[in-house]
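The following exercises ask the student to read a protein model step by step. Each task is followed by a worked solution.

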Amino acid sequence: MTYQFQDLETATVESVTTFFKALSDGTRLRIVNLLAHEDCSVGHIAHTLNISQSNVSHQLRILKTANLVKAHRNGQSMIYSIDDTHVSSILNQSINHASH
């Protein structure tokens, strides 16, 4: 695959930078990896990854701001999921790259 160079607009650079900064934290990376496989509540994420609910909430806020995750209400719980398939695709490619 050949990459055709094109100069990037400032808004695009800022958006991509925000995306990668959000994924540069190990806890957030683990959360996104979990959400790539299943939609979860804060409590389920905390239990599965063995981190505090307050830390999960803090990290989800950052991921939401970066448009990596989204939330919807299910009764009294907020359920988090990956914002779109691009996030999962980039995560999978990154993990595959790191494995080589």
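The exercises below concern this predicted model.

**Exercise 1. The overall chain**

Determine how many helices and strands the chain has, and in what order the elements run.

*Solution.* Step 1: the chain has five helices and three strands. Step 2: read from the N terminus, the elements run α-α-β-α-α-β-β-α. Step 3: the C-alpha trace spans about 45 × 30 × 20 Å along its principal axes. Step 4: of the 100 residues in the chain, 28% are buried. Step 5: among contacts with a separation of 6 or more, 47% are between residues 24 or more positions apart.

**Exercise 2. The buried side of α3**

Identify the buried residues of helix α3 (residues 42-49), and state what they pack against.

*Solution.* Step 1: the buried residues of α3 are V42, I45, A46 and L49. Step 2: these residues lie on the same side of α3, because they cover an arc of only 95° around the axis. Step 5: after α3 comes N50, which has a positive phi, near 55°.

**Exercise 3. The packing of α3 with α4**

Describe how the axes of α3 and α4 are arranged, and name the residues that make the contact.

*Solution.* Step 1: two packed helices are described by the angle between their axes and the distance between the axes. Step 2: the axes of α3 and α4 come within 9 Å and cross at roughly 115°. Step 3: angles of 65 to 115 degrees count as roughly perpendicular, so α3 is roughly perpendicular to α4. Step 4: this crossing of α3 and α4 is right-handed. Step 5: V42, G43, I45 and A46 of α3 make the contact with Q53, V56, S57 and L60 of α4. Step 6: by class, the residues of this contact of α3 with α4 are five nonpolar, three polar and no charged.

**Exercise 4. The packing of α2 with α3**

At what angle do α2 and α3 pack, and how far apart are their axes?

*Solution.* Step 1: α2 and α3 pack at about 115°, and their axes are 11 Å apart. Step 2: this angle makes α2 roughly perpendicular to α3. Step 3: α2 passes α3 in a right-handed crossing. Step 4: R30, I31, L34 and L35 in α2 meet I45, T48 and L49 in α3. Step 5: the residues of the contact of α2 with α3 comprise five nonpolar, one polar and one charged.

**Exercise 5. The packing of α2 with α4**

Which residues of α2 and α4 meet?

*Solution.* Step 1: α2 and α4 pack at an angle of about 80°, with axes 10 Å apart. Step 2: that angle makes α2 roughly perpendicular to α4. Step 3: T27, R28, I31, V32 and L35 in α2 meet N55, V56, Q59, L60, I62 and L63 in α4. Step 4: the contact of α2 with α4 has seven nonpolar, three polar and one charged residues.

**Exercise 6. The residue S88**

Is S88 buried or exposed?

*Solution.* Step 1: S88 lies in helix α5 (residues 85-99). Step 2: the relative accessible area of S88 is 18%. Step 3: buried means under 20%, so S88 is buried. Step 4: leaving aside neighbours within four places in sequence, S88 is in contact with A36 and I82.

Definitions and conventions: Residues are numbered from 1 along each chain as its sequence is written. This is a predicted model: local features need pLDDT of at least 70, side-chain atom pairs count only at pLDDT 80 or more; totals for chains, interfaces and linings use all residues. Side-chain values use heavy atoms; hydrogens and water are left out. Helices (H or I, at least four residues) and strands (E, at least two) are DSSP runs, numbered from the N terminus. Buried means under 20% relative accessible area, exposed over 50%, partly exposed in between (1.4 Å probe, protein chains only). Contact means heavy atoms within 4.5 Å. The arc is that of the directions from the helix axis to the C-beta atoms. Axes are lines fitted to C-alpha atoms, for helices over the stretch in contact, and angles run from 0 to 180 degrees between N-to-C directions. Angles under 35 degrees count as roughly parallel, over 145 as roughly antiparallel, 65 to 115 as roughly perpendicular and the rest as oblique. A crossing is left-handed if the near helix is turned anticlockwise from the far one by less than a right angle, and right-handed if clockwise. Ala, Val, Leu, Ile, Met, Phe, Trp, Tyr, Cys and Pro count as nonpolar, Asp, Glu, Lys and Arg as charged, and the others, Gly among them, as polar.
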